[in-house]
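Visitor: I'd like to learn how to read a fold from its features. Could you walk me through this one?
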Amino acid sequence: MVKDLSVSFLGYTMKNPVVPASGTFGFGWEFAGIYDINILGSMSLKGTTAEARYGNPLPRIAECTAGLINAIGLQNPGVRAVIDEEIPRLDKVYRGKVIANVGGHSVDEYVSTAAAFDACDKVFAVELNISCPNVKGGGMAFGTDEKIAKELVYAVKKQLKKPLIVKLSPNVTSVTDMAKAVCDGGADAVSLINTLVGMRIDLRTRKPVISVRTGGFSGPAVFPVALRMVNDVARAVDVPVMGIGGVSSARDVIEMMMAGAAAVQVGAANLVDPYACKKIVEELPEVMDELGIASLAQIIGAANA
């Protein structure tokens, strides 16, 4: 039996629900020499700010038993360079449309950066990152206060014609309340979770491994936490949910979708194995056959029935 892997997300039809997560896949074109990236459902581009950012000082990666900690700090060339250079380069090797991931230190920066992507045909949706734990004065600072988050989303949404996804932090008292707040502000979808906050200590130097002490913890260890939060939010809001967090196999993708995710982002797995998304896409039909699933779209939220 032919398996239908296609899903619709915010009006855009993807050939499958597998989407490399922002910050783990560059601007996409970098992977085109490794495999045919056109097999992907879409991709979330590297987090972009108004101006170029170097990011945090080294070291900013720490390995963990079942994941890794990163504190890259939104290193990127700035929105104009992304639109004028990175996206045209991607367009030569990837036929589909993508998600632009936007970060910032202020409401004005979020608004101006998101508005710049609104005019970019290659982008079908903007993902607002209010959940990055690795930058000071921005990112998660907007994502831990419901009132501030709602006001930011409202300000950005007023300037957009494209759908707006808001990426949520797990480092809050209630991710469900935060999801409701950003939806009240006008979010068309939510993605979650971003990384948990973690740290490692170098036993020889007796100092933190990460230069800025803490960073975002991701990888297989966070999957059960992410799954629970995706399920909580999918039950609480009426907008599509994109599941993220520790996904590293076709089975993980299916489990995320049964929890309520309409599409699934793959993050840390790409840093461990650059072929991770390719393997997941190729494994999906076999796992679907084993589980008696004919269409992935039909299992979204199956655990909530």
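This is a predicted model: local features need pLDDT of at least 70, side-chain atom pairs count only at pLDDT 80 or more; totals for chains, interfaces and linings use all residues.

Visitor: What share of the residues in the chain is buried?

Guide: Buried here means under 20% relative accessible area. By that cut-off, 58% of the 305 residues in the chain are buried.

Visitor: And how do I read the overall build? How many helices and strands does the chain have?

Guide: The chain has nine helices and 15 strands. Its radius of gyration is 18 Å, close to the 19 Å that the globule rule gives for 305 residues, so the chain is as compact as a globular protein of that length. Along the principal axes, the C-alpha atoms fill a box of roughly 55 × 50 × 40 Å.

Visitor: Which contacts tell me about the sequence separation in the fold?

Guide: Take the contacts between residues at least 6 apart in sequence: 72% of them join residues at least 24 apart.

Visitor: Let's zoom in on a helix. Where does α1 bend?

Guide: Helix α1 covers residues 79–91 and bends by about 25° at Glu-85. A proline, Pro-88, follows within four residues of that point.

Visitor: Which residues of α1 are buried, and what covers them?

Guide: The buried ones are Val-79, Ala-81, Val-82, Ile-83, Glu-86, Ile-87 and Leu-90. Their cover includes strand β6 (98–102), helix α2 (107–118) and strand β7 (123–129).

Visitor: How does α5 look when I read it like that?

Guide: Helix α5, residues 175–184, is mostly covered, with seven of its 10 residues buried. Those are Val-175, Thr-176, Met-178, Ala-179, Ala-181, Val-182 and Cys-183. Just after α5 you'll find Gly-186 with a positive phi of about 120°.

Visitor: Why does Val-237 count as buried?

Guide: Val-237 counts as buried because its relative accessibility is 9%, and the cut-off is under 20%.

Visitor: Now positive phi. Which residues other than glycine have it?

Guide: Leu-74 and Arg-213 are two to check. Leu-74 has phi near 60°, and its place is the loop between β5 (67–70) and α1. Arg-213 has phi near 80° and lies in the loop between β12 (207–208) and β13 (215–218).

Visitor: Are those two buried or exposed?

Guide: Leu-74, at 13% relative accessibility, counts as buried. Arg-213, at 48%, counts as partly exposed.

Visitor: What should I look for in omega?

Guide: Look for cis peptide bonds. The bond from Leu-58 to Pro-59 is cis, with omega near -10°, and Pro-59 is in the loop between β3 and β4 (61–64). Another cis bond joins Leu-192 and Ile-193, with omega about 10°. Ile-193 belongs to the loop between β9 (189–192) and β10 (196–198).

Visitor: Last one: how do I follow a buried spot through its contacts?

Guide: Start with a residue, list its partners, then visit one of them. Pro-20 is in strand β3 (residues 18–20) and counts as buried at 0% relative accessibility. Not counting residues up to four places away in sequence, it touches Phe-25, Leu-40, Ser-42, Met-43, Ser-44, Val-266, Asn-270 and Cys-277.

Visitor: And where is Ser-42?

Guide: Ser-42 is in the loop between β3 and β4, and it is buried, with a relative accessible area of 0%. Beyond residues up to four places away, Ser-42 touches partners including Met-14, Val-18, Tyr-94, Lys-97, Ile-99 and Phe-124.

Technical notes: Residues are numbered from 1 along each chain as its sequence is written. Side-chain values use heavy atoms; hydrogens and water are left out. The bend at a residue is the angle between axes fitted to the seven residues ending there and the seven starting there. Buried means under 20% relative accessible area, exposed over 50%, partly exposed in between (1.4 Å probe, protein chains only). Contact means heavy atoms within 4.5 Å. The radius of gyration is taken over C-alpha atoms; the globule rule is 2.2 Å times the number of residues to the power 0.38.
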